[in-house]
Amino acid sequence: MTATTNTSTNRNTNKEAFLNTIAAKLGRERRTEVQRPAIREFIPDSYGPLTTDNLVEILKEQCFFIHTQVIESTRELLQRTLDDLIEANGGGNVMTSGDPRFREYGLAFPDAAVWEEAAGRAENIRRAESANTAIVFADCALAESGTVVLESRPDQGRSLHFLPAHYIAVVEREKLVLRSTDAAAALNRRIQDGEPVGSSINFISGPSNSADIEMKLVVGVHGPLRATYVLI
């Protein structure tokens with residue numbers, strides 16, 4: 001308990017020293033009260049009113065450019081859709097998050113590994129490294145950039161999104177929003193309401209793409225070779 005208290009005290013002291021230094025460099029007093037800007041005023045409304053179907057079409061168009069497959073399915077056909085995708089990926093080991101929606105949708109994958117807190121960090125990472133396909137449920141999706149948003153939680157660590165060769169994100173249509181500011185606004189509301197949020201928020205836009213060397217596109221250097229979004 002003493003070690004935890006000392007760590008917290010040191011962190012606060014470092015924070016105060018850092019902020020005091022910034023204020024001094026700016027030649028002004030420390031600001032202790034900051035009002036959140038009305039960010040909506042700075043965002044152009046280039047689309048006008050959008051329906052969920054409009055957002056789906058925007059998502060599909062963007063995913064074409066980021067080399068991501070979009071498949072539309074239903075709650076009733078979701079198990080079959082995912083089984084077909086696993087087979088198309090060449091079978092092999094499957095790993096899922098521990099998201100309760102797998103149970104809610106009645107999904108089952110024989111011999112699949114599950115990211116779970118009880119297994120511990122090292123074992124979960126080992127399971128993710130050996131998985132050919134990862135399957136997760138997106139917390140939300142951004143149509144404009146073709147991005148799925150997922151929190152890091154005890155039942156869903158960051159490595160699950162980056163180590164397997166193939167990545168499948170199930171996106172519920174009601175979780176589809178236009179852009180990152182919509183996702184950020186929802187997170188802000190949760191924080192203001194005192195709800196817990198993940199240790200990190202992952203914004204994932206398709207498979208790993210890199211063109212750092214001679215502008216030649218290479219897929220899979222820093223993450224999955226292939227990404228698929230399943231819309232339900």
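The legends below describe close-up views of a predicted model.

**View 1. Strand E12 and its two parallel neighbours.**
Strand E12 covers residues 226-231. Five of its six residues are buried, so that the strand is mostly covered, buried being under 20% relative accessible area. Strand E1, made up of residues 68-72, runs parallel to E12 and is joined to E12 by five bridges. Strand E7, residues 166-171, also runs parallel to E12, with six bridges between them. Leu231 in E12 has Glu72 opposite, and Val171 likewise stands opposite Leu231.

**View 2. The edge-to-face pair of Phe102 and Phe109.**
Four aromatic pairs are present in the structure. One of them is formed by Phe102 and Phe109, whose ring centres lie 6.5 Å apart with 80 degrees between the planes, an edge-to-face arrangement. Phe102 counts as buried because its relative accessibility is 7%. Phe109, at 13% relative accessibility, counts as buried as well.

**View 3. The stacked pair of Tyr105 and Phe137.**
Tyr105 and Phe137 form a stacked aromatic pair, 5.4 Å centre to centre and with 25 degrees between the planes. This pair links distant parts of the chain, its members being 32 residues apart. Tyr105 sits in the loop between helix H4 (101-104) and strand E3 (113-114), whereas Phe137 belongs to strand E4 (residues 133-137). The relative accessibility of Tyr105 is 13%, and therefore Tyr105 counts as buried. Phe137 is at 0% and counts as buried too.

**View 4. The aromatic cluster.**
Phe102, Tyr105, Phe109 and Phe137 are linked into a cluster by ring pairs. The cluster includes the edge-to-face pair of Phe102 and Phe109 and the stacked pair of Tyr105 and Phe137.

**View 5. Surroundings of Ser97.**
Ser97 lies in the loop between strand E2 (94-96) and H4. With a relative accessible area of 2%, Ser97 is buried, since the cut-off is 20%. Its side chain reaches the backbone nitrogen of Asp99 at 3.3 Å. Leaving aside residues up to four places away in sequence, Ser97 touches Phe102, Val114, Trp115, Ile135, Val136, Asp155, Gln156 and Leu160. Phe102, one of these contacts of Ser97, is also a member of the aromatic cluster.

Definitions and conventions. Residues are numbered from 1 along each chain as its sequence is written. This is a predicted model: local features need pLDDT of at least 70, side-chain atom pairs count only at pLDDT 80 or more; totals for chains, interfaces and linings use all residues. Side-chain values use heavy atoms; hydrogens and water are left out. Buried means under 20% relative accessible area, exposed over 50%, partly exposed in between (1.4 Å probe, protein chains only). Helices (H or I, at least four residues) and strands (E, at least two) are DSSP runs, numbered from the N terminus. Two strands pair if DSSP finds at least two bridges between them. Rings of Phe, Tyr and Trp (its six-membered ring) pair if their centres lie within 6.5 Å; planes under 30 degrees apart count as stacked, over 60 as edge-to-face and the rest as tilted. A polar contact is a pair of N or O atoms within 3.5 Å; within protein, one must be able to donate a hydrogen and the other to accept it, and residues adjacent in sequence count only if both atoms are side-chain atoms. Contact means heavy atoms within 4.5 Å.
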